Amino acid sequence: MAFFKNKHSIWFIFWLALLSLAIFAMPDESSLQSDQSVPDTYQSTQADKLANQFSKKDRGAKTVIAVYNNGKDPLIADQNKAIDATVTSLKANADKYHITGITDISDGAEEKSQLVSKDKSTRLVQLTVKTDDIPKMKQTLARATKAEHVASYITGSDILDQDFGDATSKGIAKTEVIAIIFIFIVLIFVFKSPITPLPHYCR
């Protein structure tokens, strides 16, 4: 009973219990990443769904949307020509980039109406890619889809899921480090040393 009357003993038990709870309550990182999905309200997810309406083939392939934007102003002729040249290059190197399908405004009036914004400031190009290596696909296509004199980026639900999972993983790692540092600070504050309580209570 004397053990429990010592205030240091109570603090030691409290922080030991808190540390144990933190360890056991820590979510499994791999399952957490696999369960993450981007909310349907995200604009890129909506664009991905829209692109899937064009074709139901190649199930299991990744849908990537190349986005070309000129801010608030309509894309000018030279910018559209540059995008056309990029699309031509992608078609010529489809095998290299594992591309099985490309949907562009040149495919028809219906596609053009859905791939160009109403203010004509943004143009989309849909790519269907057969790969399971999302990080490599993102890095490769980010370079391959660039067009001169126009801002561009790639997106899609698979890319967003990967980014979201990576961000979650980094967040968990930072939380673990902060928790360990915090516990050591408390031990130093209470016991004047992070290891003082151990030999004292293990005797």
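Me: In this predicted model, which residue forms a salt bridge with D84?

Reply: R123 does, with the closest N and O atoms 2.6 Å apart. The pair links distant parts of the chain: R123 sits in strand β3, D84 in helix α5, 39 residues apart.

Me: Are R123 and D104 buried or exposed?

Reply: Both R123 and D104 are buried. R123 has a relative accessible area of 1%. D84 is partly exposed, at 34%. R123 also forms a salt bridge with D104, at 3.1 Å between the closest N and O atoms. D104 lies in the loop between β2 and α6, so this pair ties together parts 19 residues apart in sequence. Shared partners join D84, D104 and R123 into one network.

Me: How many salt bridges are there in total?

Reply: Three. One of them pairs D132 with K62, at 3.5 Å from N to O. D132 is in the loop between β3 and α7, K62 in strand β1, 70 residues apart. D132 is exposed, at 72% relative accessibility, whereas K62 is buried, at 11%.

Me: How do I read the faces of a helix?

Reply: An α-helix has 3.6 residues a turn, so residues three or four places apart point the same way. In α5, the buried residues are Q79, A82, I83, T86, V87 and L90. They fall within an arc of 140 degrees, so they line one face of α5. Their cover includes β1, β2, β3 and α7. The face turned away carries exposed residues A77, D78, K81, T88 and A92.

Me: Where is confidence lowest, and where highest?

Reply: Where pLDDT is low, the predicted coordinates should not be read in detail. Helix α1 has the lowest mean, 48, and α5 the highest, 96. Over residues 32–38 the pLDDT is below 50.

How values were computed: Residues are numbered from 1 along each chain as its sequence is written. This is a predicted model: local features need pLDDT of at least 70, side-chain atom pairs count only at pLDDT 80 or more; totals for chains, interfaces and linings use all residues. Side-chain values use heavy atoms; hydrogens and water are left out. pLDDT is the predictor's confidence in each residue, from 0 to 100. Helices (H or I, at least four residues) and strands (E, at least two) are DSSP runs, numbered from the N terminus. Contact means heavy atoms within 4.5 Å. Buried means under 20% relative accessible area, exposed over 50%, partly exposed in between (1.4 Å probe, protein chains only). The arc is that of the directions from the helix axis to the C-beta atoms. A salt bridge is a side-chain nitrogen of Lys or Arg within 4 Å of a carboxyl oxygen of Asp or Glu.
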